[in-house]
Amino acid sequence: SVGVVVLELLLGSPNVFSVDQRTRSLITNKLKKEGASDHDINRALYLAALSQFCIYIPTSRESNAWMLRNGNLNMGKSQRMGKSCTIDDFHMALRARDPLGIGFGSSSDDLLRLIWKLLTLDPRERISAREALNHDYFVSADISDSKTYNGALVTQMKEPVVGSIEEFQFTCPKCGKKYNDLNSCLRHSRTRRHANFCHYDRSSLPSCISSHAMLPVHATSGYCDIQGRRPTIEDFHTVVLQNDHQFYGVFDGHNGNLASKYAASSLYGLVSERLSPLLSENSANLKNKLEEAINDAIEELHSNFLRVAAKSPGGVMSKSGTTVTIFYVSN
């Protein structure tokens, strides 16, 4: 209970153990088709959230198959965190639920490790009150010399995510001179008219940030999100895989990730509600109607974001922006 309360205080929300709209839709639709009750569906959604925090790992009949994907609701075989889970996974789950999309820096590791231990699913393995009071968070060195800041003034830029590129090098294709950032390499190559591009070792790119464990396998599509050349990431994407349509969206954030995160979570609903009635038509001007519907959805997204930004604490969202690229496929 203490772990849950502290987590809610950190994130400023009582909905800590919730999943995003896409995951909710996928799990709900999957389990409804298999005849699951509302209670079982809510239980599955709750466990899905716990699994994202690495508090609960769904069991599987096969080594790489997630239990929730198979609709297996046998809760008697629940497991605690796996050996593969680290504090970095906990950081990612917190950042995904942070209303500002900022998350918490490494200076919060002691506190987050304490919360993580307080949230251990098996009460027999959960940290005791005495152990919690003797945790490093409470008994570590005096923090009076540490730097403090006003959270409302913190930059919107995300800190480097797990798997970010550290010593990434770009090479001039003609003279072979190496640089640690792309802009410096391009400036050199173009100024000396060596080339309009730079080489880099693609094999050193990190693996996908997200495991996408809750997405069903799709026969004709796939995607991967990685931390690329920049030390910060401001972009979001949306993938919705339904039986009769698929939706893909890429949102390139600018001056922070707040606008791109808002657009990624909102645009699909606005587009879908406008396109669904039109796709059954065979009118000659269907193409024009579809274009108007999509433009109308994006205009509403823009208006909605401006209203939300105006109410954000200290106007933190007002300077954030994003581009929108979407792809809607109908059967």
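The model is predicted, so local features need pLDDT of at least 70 and side-chain atom pairs count only at pLDDT 80 or more, while totals for chains, interfaces and linings use all residues. Residues are numbered from 1 along each chain as its sequence is written, and side-chain values use heavy atoms, with hydrogens and water left out.

Reader: How many helices and strands does the protein chain have, and what percentage of its residues count as buried?
Author: Helices (H or I, at least four residues) and strands (E, at least two) are DSSP runs, numbered from the N terminus. Buried means under 20% relative accessible area, exposed over 50%, and partly exposed in between, with a 1.4 Å probe and protein chains only. The protein chain has eleven helices and seven strands, and of its 331 residues the share that counts as buried is 38%.

Reader: At what angle do helix α2 and helix α3 pack, and is that oblique or roughly parallel?
Author: Axes are lines fitted to C-alpha atoms, for helices over the stretch in contact, and angles run from 0 to 180 degrees between N-to-C directions. Angles under 35 degrees count as roughly parallel, over 145 as roughly antiparallel, 65 to 115 as roughly perpendicular and the rest as oblique. Helix α2 (residues 21-33) and helix α3 (residues 38-52) have axes 10 Å apart and pack at an angle of about 140°, which makes α2 oblique to α3.

Reader: Which residues of α3 make the contact with α2?
Author: Contact means heavy atoms within 4.5 Å. On the side of α2 the contact is made by T23, R24, I27, T28, L31 and K32, and on the side of α3 by I41, A44, L45, A48 and Q52.

Reader: What is the order of the strands in the open sheet, and which are the edge strands?
Author: Two strands pair if DSSP finds at least two bridges between them. The open sheet of three strands has antiparallel pairing and the order β3-β4-β7. Each edge strand pairs on one side only, and these are β3 (236-241) and β7 (325-330).

Reader: Which residue of β4 is the bridge partner of F236, and how many residues lie between β3 and β4 in their hairpin?
Author: β3 and β4 run antiparallel and are joined by six bridges. The bridge partner of F236 in β4 is F251, and the number of residues between the two strands of the hairpin is three.

Reader: Why is helix α6 largely enclosed by the rest of the structure, and what covers its buried residues?
Author: Seven of the ten residues of helix α6 (residues 109-118) are buried, so α6 is largely enclosed by the rest of the structure. The buried residues are D109, L111, L112, L114, I115, W116 and L118. What covers them includes α1 (2-11), α5 (87-97), α7 (129-133) and α8 (136-139).

Reader: Where is R193 found, and is R193 buried or exposed?
Author: Phi of R193 is near 55°, a positive value in a residue other than glycine. R193 is found in the loop between α9 (182-191) and β3, and with a relative accessible area of 75% R193 is exposed.
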